Amino acid sequence: MAQAAAVAKPPAPPRRRRASATPRRLPYLLIGPAALLMLGFIAYPVISVFYYSLQEYNPTKPWRNGFAGFDNFVKIFTEDPVFWDTLVFSAKWVFVEVGLQLLFGLALALIVNQTFVGRGIGRAMVFSPWAVSGVLTSAIWVLLYNSQTGVTRYLADMGIGSYGTSWLSDTSTVFSAAVVADLWRGVPFFAILILADLQSVSKDLYEAAEVDGASRLKQFWHITLPHLKDAIILSTLLRAVWEFNNVDLLYTLTGGGPAGETTTLPLYIANTSVDAHDFGYASALTTVAFVILLFCSIVYLRLSKFGGENK
């Protein structure tokens, strides 16, 4: 017994120290100030728009300012024919621009994805218009469409058309002229995204298809296009939103004219707020535009099955 008692007890295992919570919270503490700043810059304008959409607010007529409830929204849908005209034109503008930009961007991406002499220079030339700002793009095309020094002057010198013709002042040509100007800047966006996705397509798939006797068209339809599905869906959605909100190019080129032929809903909102100083009604129009974009985006992503497996 004494001998057993003399045997020393094994030492107790050391107590594990609790891990400090500070290292785990450190990343959130570091990004916290930036997140709060971004939230303030995003949340405050959105909340302000929703607030003023329920107000009658015009700084030039302060005696009429006050709570309006849903009167602005009732006016939009029942008393404002300009809203419906601009909404229809916005849909037409988005559909034409995004469709053409996708087609030309896909074609350019397929071309510059091939191996040829001077491919680097070719890619730089294709992508360079995307680096030009919208206002500068508008200034370039205003000069090109100038009736005295632009394209129409040189065409008239060759006997095509007449002198003094302005495509931006003619209701029959202004839409096409604006579309071409925006195509020049928008096509590289699709070309860049599609080319980046094309780089990840395995060459083994094309080699196996050639062994099986598949033509170039079948390879494109069954290999290339399914692989580009998500890139096309995302790029068309982003570009559709940007084209819907396009103000700088149309404002600089046409100002919404002639006779309101090129007035989109965002341009109508800008004119209502800046020129007419009716910020309450403009906020209501902005809210309606936001709801339309949100609804269309959700429906588009659901119908296109973005992120799903290709069958």
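**Notebook: a predicted chain, from overall form to single residues**

I began by counting secondary structure, and I found 14 helices and two strands in the protein chain. I note here that I am working with a predicted model, and that each value below was computed from it.

**Overall form**

Taken along the principal axes, the box filled by the C-alpha atoms is roughly 125 × 75 × 35 Å. I then asked what share of the 311 residues is buried, and the answer was 35%. For contacts between residues at least 6 apart in sequence, I saw that 70% join residues at least 24 apart.

**Surface and charge**

I looked up the accessible surface of the protein chain, which comes to about 20000 Å², and I noted that carbon and sulfur atoms account for 67% of it. I also counted 23 positive and 21 negative side chains, and the centres of these two sets lie 20 Å apart.

**Helix α14**

I turned to helix α14, residues 279-304, and checked its length: its 26 residues should span 38 Å at 1.5 Å a residue, and because the end C-alpha atoms are 37 Å apart, the two values agree. Which residues of α14 are buried? I listed several, including Gly 280, Tyr 281, Ala 282, Leu 285, Val 288, Leu 293 and Ser 304. Just after this helix I came to Lys 305, which takes a positive phi of about 55 degrees.

**The loop between α12 and α13**

Before going on, I reminded myself that most residues other than glycine have a negative phi, and that most peptide bonds are trans. With this in mind I looked at the bond joining Gly 257 and Pro 258, which is a cis peptide bond with omega of about -5 degrees. Pro 258 lies in the loop between α12 (248-253) and α13 (265-275), and Ala 259 is found in the loop between these helices as well. I read a positive phi near 55 degrees for Ala 259.

**The loop between α13 and α14**

My last entry concerns His 277, which has its place in the loop between α13 and α14. Phi of His 277 is near 60 degrees, again a positive value in a residue other than glycine. At 31% relative accessibility, I recorded His 277 as partly exposed.

Terms used:
Residues numbered from 1 in each chain as written. Predicted model: local features only at pLDDT ≥ 70, side-chain atom pairs only at ≥ 80, totals over all residues. Heavy atoms only, no water. Helix = DSSP H or I, 4+ residues; strand = E, 2+ residues; numbered from the N terminus. Buried < 20%, exposed > 50% of the residue type's maximum accessible area, 1.4 Å probe, protein only. Contact = heavy atoms within 4.5 Å. Areas by Shrake-Rupley, 256 points an atom, 1.4 Å probe, with all protein chains shown as cover. Lys, Arg positive; Asp, Glu negative; His and termini not counted. Charge placed at Lys NZ, Arg CZ, Asp CG, Glu CD. Expected span 1.5 Å × (residues − 1).
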